[in-house]
Amino acid sequence: MADLKITVDGLTLPNPFVIGSGPPGTNANVIGKAFDEGWGAVIAKTISLDASKVINVAPRYARMRATDSREVLGWENIELISDRPFDVWEEEFKKIKDTYPDRVLIASVMEEYREDAWKEIIERCQACGVDAFELNFSCPHGLPERRMGSAMGQRTEILEEVCGWVNSVATVPVWAKMTPNITHIVDPGRGALRAGCEGVSAINTILSVMGVNLETLRPEPTVEGYTVPGGYSCKAVRPIALRMVMELATMMYGGGNGAPISSNGEPPIKGEFLNCSLSAIGGIETGDDAAQFLLMGANTVQVCTGVMIHGYKMIHTLNEQLGAFMEKHGFNSIEDFRGQSLRYFTTHADLVKRQAAVKAAERAARDGMVTKDTAWEGEKFVEQSSRLVANQDD
Ligand SMILES: Cc1cc2nc3c(=O)[nH]c(=O)nc-3n(C[C@H](O)[C@H](O)[C@H](O)COP(=O)(O)O)c2cc1C
């Protein structure tokens with residue numbers, strides 16, 4: 001029987017499925033529901049010290065559906081971080097930890113570029129008993145106007161400095177959540193780990209415009225006739241998330257046996273942060289989706305939009321599907337297969353070389369040419385010798 005239990009940064013989770021920061025972890029009530037249903041861990045909705053500056057609008061979501069099946073493929077949101085007061089969150093963190101002392105509760109935090117603010121939020125959450133932190137360097141809308149979220153995450157030197165402040169006071173593991181709205185996600189990832197974070201999470205939402213209403217000519221979601229670009233999530237972002245997780249994992253754990261994609265043909269990349277952790281996010285809705293991210297090197301997988309579509313009970317199906325995948329392959333634990341697919345990334349030049357070698361071998365076999373000494377046969381010896389002659393007209 002496959003064992004889904006994992007240990008990451010010293011924390012033990014019954015399974016690798018984590019509620020990603022957002023509406024599914026937005027108060028003590030729903031966090032309790034997630035634990036009751038069996039989620040591996042919960043990352044609460046992102047909080048800051050002064051919630052009075054956070055003012056949400058409605059509507060703030062827009063969905064992309066498949067034309068025929070009406071299945072939700074993409075989801076845009078212009079939601080901000082939590083608008084609930086910090087002292088209410090302190091009480092709720094304490095209450096959740098009192099009720100669920102053995103379950104992993106992760107606080108997601110975001111602050112302005114001020115050392116005292118970051119240190120204060122970490123110390124106050126820590127005093128409530130949270131098990132770990134996720135630093136939100138990645139919210140793409142609204143907060144960058146206050147130079148928070150992705151505005152910080154896009155500048156490695158600022159992110160690294162902030163991670164340094166946090167790690168100077170944090171006594172529990174710290175993950176830094178990366179923005180995908182950047183050309184090289186590896187740069188801030190490396191900065192966070194260099195500054196002492198135990199892990200990185202990726203990805204947050206992708207900056208997007210869902211569409212334009214062709215009756216009103218207004219882009220969606222429309223608030224009093226206007227909008228802002230929002231964050232895109234759900235199934236549609238999964239391939240991009242997989243690529244970014246692969247790039248981070250290659251930097252952290254190394255490139256396996258092939259010449260990894262980001263090496264420009266150089267020898268395989270050496271892992272720079274072998275003992276750090278990786279939490280994958282982006283379009284995960286099934287156990288098979290999760291298995292793909294784990295094969296890319298992730299320790300945990302987060303689900304946010306999926307819970308908004310399917311509800312908290314989806315954890316039972318996720319566990320069953322991941323367990324079935326593991327049993328099919330004879331994997332007893334997540335560590336048995338974590339990161340196994342990284343070795344199959346290489347350069348395009350190497351793909352061309354590999355394909356040419358296979359074609360040459362096929363051609364030689366078709367022409368009856370001996371390419372290995374074991375292929376010589378007594379009966380065909382003379383014919384085989386003659387096929388190897390360079391100029392067949394001699
Ligand atoms: C409505 C909504 C609100 C979100 N709020 C937050 C947030 O407060 N903090 C955060 O770090 N990420 C937030 N996210 C991003 C998710 O945690 C996640 O990184 C992203 O949606 C991709 O994963 P998914 O496809 O499973 O949703 C939010 C996403 C959605 C859809």
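1. Let's start with helix α10, which runs over residues 314-329, 16 residues in total. From first C-alpha to last it reaches 23 Å, close to the 22 Å expected at 1.5 Å a residue. Keep in mind throughout that this is a predicted model.

2. Which residues of α10 are buried? They are Ile315, Leu318, Asn319, Leu322, Phe325 and Met326. Looking down the axis of α10, you find these buried residues within an arc of 130 degrees, so they line one face of the helix.

3. The face of α10 turned away from the buried side carries the exposed residues His316, Glu320, Glu327 and Lys328. After α10 comes glycine 330, with a positive phi near 75 degrees.

4. Now the chain as a whole. The protein chain has 394 residues, and 44% of them count as buried. There are 12 helices and 16 strands, and the C-alpha atoms fill a box of roughly 90 × 55 × 40 Å along the principal axes. If you take contacts with a separation of 6 or more, 70% of them are between residues 24 or more positions apart.

5. On to the core. The largest nonpolar core holds 97 residues, and the ones touching the most other members are Val42, Ile106, Val245 and Leu248. Helix α7 (residues 238-253) supplies the largest share of this core, 10 residues. As general background, nonpolar side chains in soluble globular proteins tend to be buried together. For a closer look at one member, pick valine 245: leaving out residues up to four places away in sequence, valine 245 touches Ala202, Leu278, Ala280, Phe293, Met296 and Ala298.

6. The ligand is worth a look too. How many residues surround the ligand? The count is 27, and the closest are Ser21, Gly22, Ser233, Cys304 and Thr305. The elements giving two or more residues to this shell are β6 (72-77) and α9 (305-310). Sorted by class, the shell has 10 nonpolar, 14 polar and 3 charged residues.

7. Two peptide bonds to check by eye. A cis bond joins alanine 58 and proline 59, with omega about -5 degrees; proline 59 sits in the loop between β4 (41-43) and β5 (61-65). Another cis bond joins glutamate 220 and proline 221, with omega about -10 degrees. Proline 221 is in the loop between β13 (219-220) and β14 (230-233).

8. Two non-glycine residues with positive phi also deserve a glance. Arginine 70 has phi near 65 degrees and lies in the loop between β5 and β6. Cysteine 234 has phi of about 85 degrees and lies in the loop between β14 and α7.

9. Is arginine 70 buried or exposed? Arginine 70 has 9 other C-beta atoms within 10 Å, so it counts as exposed, the cut-off being 12 or fewer. Cysteine 234 has 24 C-beta neighbours inside 10 Å and therefore counts as buried, where the threshold is 20 or more.

Terms used. Residues are numbered from 1 along each chain as its sequence is written. This is a predicted model: local features need pLDDT of at least 70, side-chain atom pairs count only at pLDDT 80 or more; totals for chains, interfaces and linings use all residues. Helices (H or I, at least four residues) and strands (E, at least two) are DSSP runs, numbered from the N terminus. The expected span of a helix is 1.5 Å times one less than its number of residues. The arc is that of the directions from the helix axis to the C-beta atoms. Two residues are in contact if their C-beta atoms, placed from the backbone, lie within 7 Å. A nonpolar core is a set of buried Ala, Val, Leu, Ile, Met, Phe, Trp, Tyr and Cys residues joined through C-beta atoms within 7 Å. A residue is near a molecule or strand if its C-beta atom, placed from the backbone, lies within 6 Å of it. Ala, Val, Leu, Ile, Met, Phe, Trp, Tyr, Cys and Pro count as nonpolar, Asp, Glu, Lys and Arg as charged, and the others, Gly among them, as polar.
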